[in-house]
Amino acid sequence: MDWQAHRREAHKLGRTQEYLKQLVYGGNDGIVTTFAIVAGFAGAAADGVAQIGGLAVLVFGLANLFADAVSMGLGEFLSLRSQHDLYRARRNSELHEIKRNPDQERMELFEILRQRGLPAGEADTAAGILSRHPDIMADLMMTYEFGMTDPAEESPLLNGLSTFLAFVAFGSIPLAPYFLLPPDDRTFLLSVAATALALTSLGLLRWSATGERLFRSVGETILVGSICAMVAFVVGWIVGG
């Protein structure tokens, strides 16, 4: 059975849910990182910064946006690749242990099943049956003994690309006013508003995908982004002023 297709059709699990982690992680970091450049320049009061103006915001903002987007996308790619490698190595080791010391592994599985609520007799029976199927037994041990789930259905390439695209798409929003208007206080306020809108949109995306409470999904996203933005502004004000 194609379980990915089954999840989409029978359980209405869409692409947003599948890549929610990458969208939220990349999007939030893109918004905050880019706005940090805007807020840092706005908070700085040095004459040199003021003379460079909007060009500096765009140059540093775009350079930072794409450099960090590539870094995060490749980081997600390498992270998931490493997770694949670690899972395979650990599972192969578990299969070796099942073959080398079946009684000990059977006892461990019995304890796992018993701790998860099966009566001792049923746990012993289930462990005996599963011990005759090493692959299934290894999968259960990976999940319940090591707390590791099989990442085979997750693509490092697609996850990395999703993180990159989310970072660029959301991270470009705080810079948008500086493409259209001169770098003054009004433009900065528009950037603040655009950043708030981007964070709200990301929170709504999270709410739509998870079904959690609207206030929590949007509120947490805005709160985290606002704290980071405020830190950037204060640092810029301290250094530049």
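Start with the whole chain and its contacts, meaning heavy atoms within 4.5 Å. Among contacts between residues at least 6 apart in sequence, 74% join residues at least 24 apart. This is a predicted model: local features need pLDDT of at least 70, side-chain atom pairs count only at pLDDT 80 or more, and totals for chains, interfaces and linings use all residues. Residues are numbered from 1 along each chain as its sequence is written, and side-chain values use heavy atoms, with hydrogens and water left out.

Now colour by secondary structure. The chain has eleven helices and zero strands. Helices (H or I, at least four residues) and strands (E, at least two) are DSSP runs, numbered from the N terminus. Read from that end, the elements run α-α-α-α-α-α-α-α-α-α-α.

Switch to accessibility. Buried means under 20% relative accessible area, exposed means over 50%, and partly exposed lies in between (1.4 Å probe, protein chains only). Of the 241 residues in the chain, 35% are buried.

**Helix 10**

Select residues 185-210. This is helix 10, with 26 residues. From first C-alpha to last, helix 10 reaches 37 Å, close to the 38 Å expected at 1.5 Å a residue. The expected span is 1.5 Å times one less than the number of residues. Show side chains next. The buried residues here are T187, F188, S191, A194, T195, A198, L199, L202, G203, R206 and A209. Then step just past the helix to G211, where phi is positive, at about 75°.

**Helix 5 against helix 7**

Select residues 102-115 for helix 5 and residues 134-144 for helix 7. Their axes come within 11 Å and cross at roughly 55°. Axes are lines fitted to C-alpha atoms, for helices over the stretch in contact, and angles run from 0 to 180 degrees between N-to-C directions. Helix 5 and helix 7 are therefore oblique to each other. Under 35 degrees counts as roughly parallel, over 145 as roughly antiparallel, 65 to 115 as roughly perpendicular, and the rest as oblique. The crossing of helix 5 and helix 7 is left-handed: the near helix is turned anticlockwise from the far one by less than a right angle. Pick out the contact residues. From helix 5 come E105, R106, E108, L109 and I112; they meet M137, L140, M141 and Y144 of helix 7.

**Salt bridges**

Side chains of opposite charge can pair when their charged atoms come close. In a salt bridge, a side-chain nitrogen of Lys or Arg lies within 4 Å of a carboxyl oxygen of Asp or Glu. The structure holds eight.

Stay on helix 5 and select E111 and R114. Their side chains form a salt bridge, 2.8 Å from N to O. The two sit three residues apart in helix 5, about one helical turn. R114 is partly exposed at 38%, and E111 is partly exposed at 27%.

Go to helix 4, residues 47-100, and find E97 and R100. They are three residues apart, about one turn of the helix. The closest N and O atoms of this salt bridge are 3.0 Å apart. E97 is partly exposed at 22% relative accessible area, whereas R100 counts as exposed at 54%.

Next, helix 11, residues 214-240. R216 and E220 lie there four residues apart, about one turn. Their salt bridge has its closest N and O atoms 3.4 Å apart. R216 is partly exposed at 34%, and E220 is partly exposed at 34%.

Finish by selecting R91, D135 and D139. A network of salt bridges links them.
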